[in-house]
Amino acid sequence: AVKTSGKRDFRYFDVRFFEAIQQKYRAEAELRHAIEHNQFVIYYQPRVSLATGETSSMEALVRWAHPSRGIVEPRSFIPLAEETGLIVELGEQVIDSVCSQLAFWTRQGHRVVPVSINVSAIQFAKINIGESLSAALRRHDVSAQLVEIELTESVMMAGNEAVSSVLTAIQGMGIRLLVDDFGTGYSSLSQLQELDFDTLKVDKAFTARLERSEASKIFYKAIITMAHSLGMKVVAEGVETLEQVHSLKALHCDEVQGFYIAPPMPPTERQSVLAPALSKMM
Ligand code: C2E
Ligand code: MG
Ligand code: MG
Ligand code: MG
């Protein structure tokens with residue numbers, strides 16, 4: 001343990017602290033450079049309906065196409081992006097990229113399903129995300145019906161007037177709202193009802209425990225019953241086995257997403273995102 005009371009200890013702490021700051025400064029500079037040079041790409045992962053076996057939507061998941069490290073996953077850079085505020089610029093690029101992709105697929109005459117975009121609390125706090133969305137939709141001539149927003153409970157926890165008025169405006173545009181990682185945060189049922197969310201995405205931790213714990217099954221059952229009576233759909237995240245698919249179907253869960261169905265894939269794999277091995281589902 002480092003104490004800061006003695007002078008020597010303090011100096012020791014200071015050096016380490018300085019090095020940590022330097023390293024963080026370098027990481028931040030690298031991230032900023034990557035944003036300026038458009039090194040980010042979007043992967044798409046399908047959400048599949050348990051009733052029809054069809055892809056009903058896909059989630060946009062950002063990756064850093066790093067010139068030397070290859071494809072870097074979000075957990076290695078999203079926290080720093082949030083801490084430094086760079087998530088705002090990165091988020092703008094994600095929104096633009098998704099709208100541009102949707103416009104491209106539409107022009108090519110492909111079947112197009114909605115795409116959900118993850119938005120973090122910091123983005124809500126710093127800019128009017130509703131304005132970014134409507135500008136991007138207009139810029140690419142994409143229908144708001146094709147875009148969905150995934151928010152974690154932390155966004156709602158911010159609980160201020162500004163956030164809920166932006167969310168209401170986003171909904172007014174025709175963009176659907178989804179709650180991400182449901183069950184890990186602290187949103188109250190009244191907030192869920194007030195904001196009229198379209199879908200609850202149950203966190204993968206609950207899906208992982210489904211086979212092993214009766215409590216997880218009970219949790220899922222209660223969530224599904226509640227969501228349905230409030231007019232919301234339920235998506236199970238992190239579905240990795242056929243057993244989980246069967247259990248979720250028996251629980252009347254609406255949609256599934258996870259490695260068992262399909263991993264996140266680059267847009268060139270559009271066919272596989274739209275038609276993951278359907279026979280596997282039944
Ligand atoms: P999330 O929104 O909850 O996304 C789901 C994560 O679970 C993704 O990780 C996905 O690859 C992973 N996943 C999918 N199926 C399975 C499965 O069967 N098992 C397991 N164990 N994991 C599965 P990923 O792509 O690494 O993204 C991590 C998080 O980073 C996302 O969690 C989201 O919170 C954040 N993120 C990703 N893209 C963006 C973005 O464009 N903007 C913002 N603000 N955050 C993003
Ligand atoms: Mg998500
Ligand atoms: Mg999630
Ligand atoms: Mg998450």
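In the counts below, Ala, Val, Leu, Ile, Met, Phe, Trp, Tyr, Cys and Pro are taken as nonpolar, Asp, Glu, Lys and Arg as charged, and the others, Gly among them, as polar. By that scheme, the shell around ligand 1 holds 9 nonpolar, 6 polar and 9 charged residues. Please keep in mind that this is a predicted model.

**Who surrounds the ligand**
- Ligand 1 has 24 residues around it, and R63, N118, D180, E240 and F259 come nearest.
- The space that ligand 1 takes up is the largest pocket.
- Two or more shell residues come from each of the elements β2 (55–66), α3 (87–107) and β6 (176–182).
- Strand β2 gives the largest share of the shell, with 4 residues.

**Polar contacts and cover**
- The side chain of N118 places an N or O atom 2.9 Å from an oxygen atom of ligand 1.
- For Q123, a polar side-chain atom lies 3.4 Å from a nitrogen atom of ligand 1.
- In the side chain of E240, an N or O atom is 2.5 Å from a nitrogen atom of the ligand.
- On its own, ligand 1 has 800 Å² of accessible area, and the protein covers 83% of it.

**Aromatic pairs**
- With ring centres within 6.5 Å as the cut-off, the count comes to 5 aromatic pairs.
- One of them joins F40 and F77: their ring centres are 5.4 Å apart and their planes stand at 55°, so the pair is tilted.
- This pair links distant parts of the chain, 37 residues apart: F40 is in strand β1 (residues 40–49), and F77 is in the loop between β3 (70–72) and α2 (78–84).

How values were computed. Residues numbered from 1 in each chain as written. Chains lettered and ligands numbered in written order. Predicted model: local features only at pLDDT ≥ 70, side-chain atom pairs only at ≥ 80, totals over all residues. Heavy atoms only, no water. Near = heavy atom within 4 Å. Polar contact = N/O pair within 3.5 Å; in protein donor to acceptor, adjacent residues only side chain to side chain. Areas by Shrake-Rupley, 256 points an atom, 1.4 Å probe, with all protein chains shown as cover. 1 Å grid on protein atoms, 1.4 Å probe; cavity = no way out; pocket = protein on both sides within 12 Å on 5 of 7 lines; lining within 4 Å. Sits in = over half its atoms within 2 Å of the grid points. Phe/Tyr/Trp six-rings, centres within 6.5 Å; stacked < 30°, edge-to-face > 60°.
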